[in-house]
Amino acid sequence: MPYAIEADSLRKTFKGKHEVRALDGVSFGVAEGTVFGLLGPNGSGKTTAVRVLTTILKPDGGKALVLGHDVTKKANLVRSLIGLAGQYAAVDENLTGRENLQMVGSLNHLGRAQVATRAKELLDQFNLSDAGDRTLKTYSGGMRRRLDLAAALVARPTVLFLDEPTTGLDPQSRNDLWEVIESLVGGGTTVLLTTQYLEEADRLASTLSVIDHGRVIANGSPAELKADLGATVLEVGLESLGEAQRTAELFATLGSHTPTVNGTVVEVTVDHGPESAMAGLRSLDTEKIVPTVFTLREPSLDDVFLALTGRRAEDEGENEEVSTDVTPPGRRERRRDRAAGSPTAPGVRP
Amino acid sequence: MTTGTIAAPTLTGAPHSDNVLHRARWAASDTLTITKRNLLALTRIPEALVFGIIQPIMFVLLFRYVFGGAIQTEGTSYVNYLMPGIFVQTVCFGAVSTSIGLAEDLQKGLIERFRALPMARSAVLAGRTTADLIRNVLVVAIMTAVGFLVDFRPTTGVLAYLAGILLILLFAYSLSWGFAVIGLSAANSETAQVISFPLLFPLTFASSAFVPVADMPSWLQGFATYQPVSVTVTACRALMLGGPTAIWVFQSLAWTLGFLVLMVPFAVHKYRTRT
């Protein structure tokens, strides 16, 4: 199958006080008409990869092709074929929704009449008709994201890049946006999506690459990744650290994975949820340990990370999600990378 | 990794072209789109425009009625001496909005979107500076009216007056490109503002804009006479009130041209390579 997007050994280093290897030989291919998920924690290099593929950033090495065109040599041609929706709604809040779409249409060199029709179509399609002539200052976060996505679609791109399209959205808005993205794929658009949520990748992407510290550490379909991981995570909260230690020892025999202790919480990935849970409870009972919390859940990105790297994804910059910082994605990522690269101050912004 | 070739799909947009004429035409069209966008934004935040007009009016009142009595000017009334200085100061401060506006666009991620669009690399900057130029035209027109209200009486006729206004607008336009570089280098709009004003203060105040240079300490007189803002004020004053004109107009135009030749490519380079 031909690839719509190809990254071949992409390298990019940000120089500065702390040198950061944002991309350290990243390769992947996205088949035409599919959704590809680039999954990784903050600062893993996802945004940098998107910025290289969308011609915003020149790589130091390696090669990137979009629809067979080299993104550095044929940058302007590539720009006319792609759409980009960013992590931070890159729309002009002083303009109305319609004006934003018309501006992007004009800058894509659509004809005047086409600009107007296309803006109207997209406002309808994204349920923004009523708000179309209001300035974006009056829009909610979810509405801005929808408009941002609409703006990426003005010129009917065949390849769409979505950089963390739902980060920071409430569950309802997230779900709405997922439905929109799914409908796009039905229309044959190739989508590259970055996300830190396994749930999102699971729902939308047919193939994934997991990326960490600028390297691809796993490839496959969401199902394959989860199968490698084990189907379920058993999470138990205890009353004391001593009990937690003892529980971890008891749970070591539940499956092929080693339990992890995080304070008074013990987690273990198991293959057969209910059976393992019963075995776990029985072993706790014989030791007269009464858990405060006992949960079975689907593996999260954290668990994927834990399984793949032996450490938690959220160790780096977990404060990012609640941050109100409006620095553009590129700069944010570099800052995070720096923070992550500095052993004394994880998550602290310089 | 195998490379499959995919035919470019049928686009609704204009076909991509490397033809120089096409590119120039699209660059002009893109610049117009961005200019329109910036002017629209200006109407949506009228406070900013109102403040941009109130501030120079305060300066006019302050110098005309508070400090003016203590400043001696030869050959003409102080208000006549003052107004060309006020015009130049106003448009120079207006040029700062170029740096603040660009820093804001960067901060909000708009520049990222623009850089991923098939638009001319110069258009975001040209559109911004053009919008700021148009804003300056409006502000100078209002300041002319204010000047007349406080007894400013140019003596050389309408054409010479308009030539003076044109000269300072061109000068401010060239400054805008310098401030564009600052806007693209600053981490955020506050930083852009903090960097811009200290640069402008010595240029506008250690100048012939408000006080005759002859009254300044001798070590300052050289700078205060020949620095670009002073040269432009003197040229504008000569065009509006008479006196030796060509030499100053020539010097002001030389600064304007010099700034443009240096700053336009520098700013576009900054825009292209900004990571």
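Two residues are in contact here if their C-beta atoms, placed from the backbone, lie within 7 Å. This is a predicted model, in which local features need pLDDT of at least 70 and side-chain atom pairs count only at pLDDT 80 or more, while totals for chains, interfaces and linings use all residues. Residues are numbered from 1 along each chain as its sequence is written, and chains are lettered from A and ligands numbered from 1 in the order in which they are written.

**Helix α6 against helix α10 in chain B**

- In α6(B), residues including B:L167, B:F171, B:W177 and B:L184 meet residues of α10(B), among them B:W255, B:F259, B:M263 and B:Y271.
- By class, this contact of α6(B) with α10(B) has 17 nonpolar, 5 polar and 1 charged residues, where Ala, Val, Leu, Ile, Met, Phe, Trp, Tyr, Cys and Pro count as nonpolar, Asp, Glu, Lys and Arg as charged, and the others, Gly among them, as polar.
- Helix α6 covers residues 158-185 and helix α10 residues 246-273, and their axes come within 8 Å and cross at roughly 30°; helices (H or I, at least four residues) and strands (E, at least two) are DSSP runs, numbered from the N terminus.
- Axes are lines fitted to C-alpha atoms, for helices over the stretch in contact, with angles running from 0 to 180 degrees between N-to-C directions.
- The two helices, α6(B) and α10(B), are therefore roughly parallel to each other, given that angles under 35 degrees count as roughly parallel, over 145 as roughly antiparallel, 65 to 115 as roughly perpendicular and the rest as oblique.
- Their crossing is left-handed, a term used if the near helix is turned anticlockwise from the far one by less than a right angle, with right-handed used if clockwise.

**Helix α1 against helix α5 in chain B**

- Helix α1 (residues 20-44) and helix α5 (residues 123-149) of chain B have axes that come within 7 Å and cross at roughly 50°, which makes α1(B) oblique to α5(B).
- The crossing of α1(B) and α5(B) is right-handed, and the residues of their contact divide into 9 nonpolar, 6 polar and 3 charged.

- Chain A has 12 helices and 14 strands, and buried residues make up 53% of its 350 residues; a residue is buried if 20 or more other C-beta atoms lie within 10 Å of its own, exposed if 12 or fewer, and partly exposed in between.
- The largest nonpolar core holds 150 residues, of which A:L53 and A:V66 touch the most other members; such a core is a set of buried Ala, Val, Leu, Ile, Met, Phe, Trp, Tyr and Cys residues joined through C-beta atoms within 7 Å.
- Helix α3 (residues 78-107) of chain B gives the most to this core, with 15 residues.
- Apart from it lies another core of 12 residues, among them A:L238, A:A244, A:F251 and A:V270.

**Individual residues**

- A:H109 has a positive phi near 65° and lies in the loop between α3 (97-107) and α4 (112-125) of chain A, where it counts as buried because it has 26 C-beta neighbours inside 10 Å.
- A:N127, with a positive phi near 60°, sits in the loop between α4 and α5 (141-152) of chain A, and A:N127 is exposed, with 12 other C-beta atoms within 10 Å.
- B:Q55 lies in helix α2 (residues 46-67) of chain B and counts as partly exposed, with 15 C-beta neighbours inside 10 Å.
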